[in-house]
Each structure stands twice: as C-alpha cells, then as structure tokens.
Amino acid sequence: MSPSASDMRIASAPCSFGVDEVVADDAWMPAPDEMLDWMLGIGYAGTELGAPGYLGTGAEARARLERRGLALVGAFLPQHLSRADRAPADREWLREQVTHLRAASPEGSHPFAVLCEAVDEPDRLRWSGQIARHPETWLDAGRHRTLVDNLHRAGELVASLGLRAVIHPHAGTYIETDAEIERLMEALDPSIVGLCLDTGHFRYGGADPAQRVRDYASALHHVHIK
C-alpha cells in the first residue's frame with residue numbers, strides 16, 4: 001500500500017534558511033537555534049545537518065533536535081570522487097563526518113550520508129548550465145571509472161559505520177547533465193549507494209525529474225524537492 005499524504009513527513013535543510021552547506025562560520029548566517037525554531041514554526045518534521053559543526057558537536061546537535069522533536073535526515077558530504085589522489089584524504093574526512101552524523105542523530109532518526117562530487121572544478125563551474133556544449137569538460141572513461149569506484153568505496157565506508165549513502169547529482173560538478181546522470185546510474189550499484197534525486201538540480205542539468213523518478217525508482221532512496 002502506498003503511503004497517504006497524511007503519512008508523509010517533510011524535512012528541510014539549513015541551506016534553505018541561508019546557511020552555507022560547507023562553511024560553518026559565515027557571519028551572515030542565522031544562529032542555529034534561531035534557524036531550527038524557524039524550521040519548527042513552519043511545520044517541518046526534520047532537517048539535514050548543515051555545514052560541519054554548524055549545529056555543534058554530535059551531542060549538542062542531537063540535544064538541539066530532540067528539544068524540538070526534529071528528526072535528522074542527512075548531511076551533505078561532497079567528495080573529489082573523480083580524483084584518485086584526493087581519495088585517501090576525502091575518505092578520512094568522510095569517516096569523521098559520518099561519525100559526527102551518527103552522534104547527532106536523535107532516537108529513531110535514520111539519516112543519509114548525501115554524497116556529492118566536489119563543487120570546485122574550475123572548468124565545470126565556468127560552464128555550468130552549458131556542459132552539453134563543452135565536451136572538453138566531460139570525464140573520460142578512466143576518470144569516470146575512478147569516480148564510480150571512489151563512490152562505491154565511500155558507500156561501503158558509510159555502511160560500515162551503520163548509515164546509508166546516496167549520491168546527489170549537482171550543478172557545477174561532473175554529474176550535472178542528464179547524460180552524465182544516466183552514465184552514472186548505468187554503473188552504480190544501488191545496494192552500495194542509492195540515488196538522491198534533487199528536482200532542481202536534475203532540471204538544471206536538462207533532466208525531467210518526474211520521468212527520472214520512474215526510471216530510477218529501484219535506486220531512489222532520498223528526494224530533495226525544489
């Protein structure tokens with residue numbers, strides 16, 4: 001039986017309230033308690049973690065969420081998946097962040113490690129939104145294999161720490177266009193890493209989010225609605 005609308009619980013994320021996803025000390029960001037109170041007042045049932053450290057240590061973050069009855073649904077964790085030389089450092093950072101995510105989770109929360117290709121490649125940032133017309137920015141077969149392998153290894157690490165991983169195709173990365181998403185999904189083992197379908201980023205990259213929900217249903221574990 002499909003869940004009814006009354007069974008659905010909708011979460012938000014600090015980035016929807018002006019909080020950077022990777023920088024925790026931007027002076028323009030709202031304070032964490034203020035942001036969570038806004039989120040609760042609007043009627044959301046949970047949140048993603050936000051930038052590392054934004055909600056405090058694992059125990060502090062958990063206490064903040066438990067006081068408000070908010071669930072923890074995930075954390076955004078970019079990795080340099082297509083760069084073999086960056087993998088050891090990225091994986092150690094991922095271990096630290098997933099350990100923090102677990103410690104911040106209130107009882108009953110089952111958050112995702114929301115993996116993403118790094119948003120710092122100059123050629124992809126320069127031509128984001130026009131990638132289909134710039135084949136010089138596409139990954140060759142070797143780097144694509146590296147990306148998929150590093151993604152699977154990251155997913156295995158997350159699973160070893162007791163959580164589940166999903167991959168978030170994202171504007172400004174090597175997984176932006178519909179063709180790049182399809183190429184990844186053809187190589188992805190969904191038993192190791194599921195899909196986070198972000199309707200805004202999929203649309204930005206030229207994909208039809210509604211169609212891709214149907215196409216990738218068996219791998220779809222997490223949805224961001226924009």
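**Chatting through a predicted model**

Author: In this predicted model, Ala132 touches Trp138 and Thr177, leaving aside residues up to four places away in sequence.

Reader: Nice place to start! Where does Ala132 lie?

Author: Ala132 is in the loop between α4 (122-127) and α5 (141-160).

Reader: And is Ala132 buried or exposed?

Author: Exposed, because its relative accessible area is 61%, and the cut-off for exposed is over 50%.

Reader: How far is Ala132 from Ala154?

Author: Their C-alpha atoms are separated by 28 Å, and the two residues are 22 apart along the chain.

Reader: Switching to cysteines: how many disulfides does the count come to?

Author: The count comes to 0 disulfides. A disulfide needs two cysteine sulfur atoms within 2.5 Å. The closest cysteine sulfur to that of Cys116 is in Cys196, 9.2 Å away, so it is too far for a bond.

Reader: Thanks! Is Cys116 buried or exposed? And Cys196, buried or exposed?

Author: Cys116 is buried, with a relative accessible area of 0%. Cys196 also counts as buried, at 0% relative accessibility.

Reader: Last one: how do the lining residues divide into nonpolar, polar and charged?

Author: The lining of the largest pocket has 16 nonpolar, 12 polar and 6 charged residues.

Technical notes: Residues numbered from 1 in each chain as written. Predicted model: local features only at pLDDT ≥ 70, side-chain atom pairs only at ≥ 80, totals over all residues. Heavy atoms only, no water. Buried < 20%, exposed > 50% of the residue type's maximum accessible area, 1.4 Å probe, protein only. Nonpolar A, V, L, I, M, F, W, Y, C, P; charged D, E, K, R; others polar. Helix = DSSP H or I, 4+ residues; strand = E, 2+ residues; numbered from the N terminus. Contact = heavy atoms within 4.5 Å.
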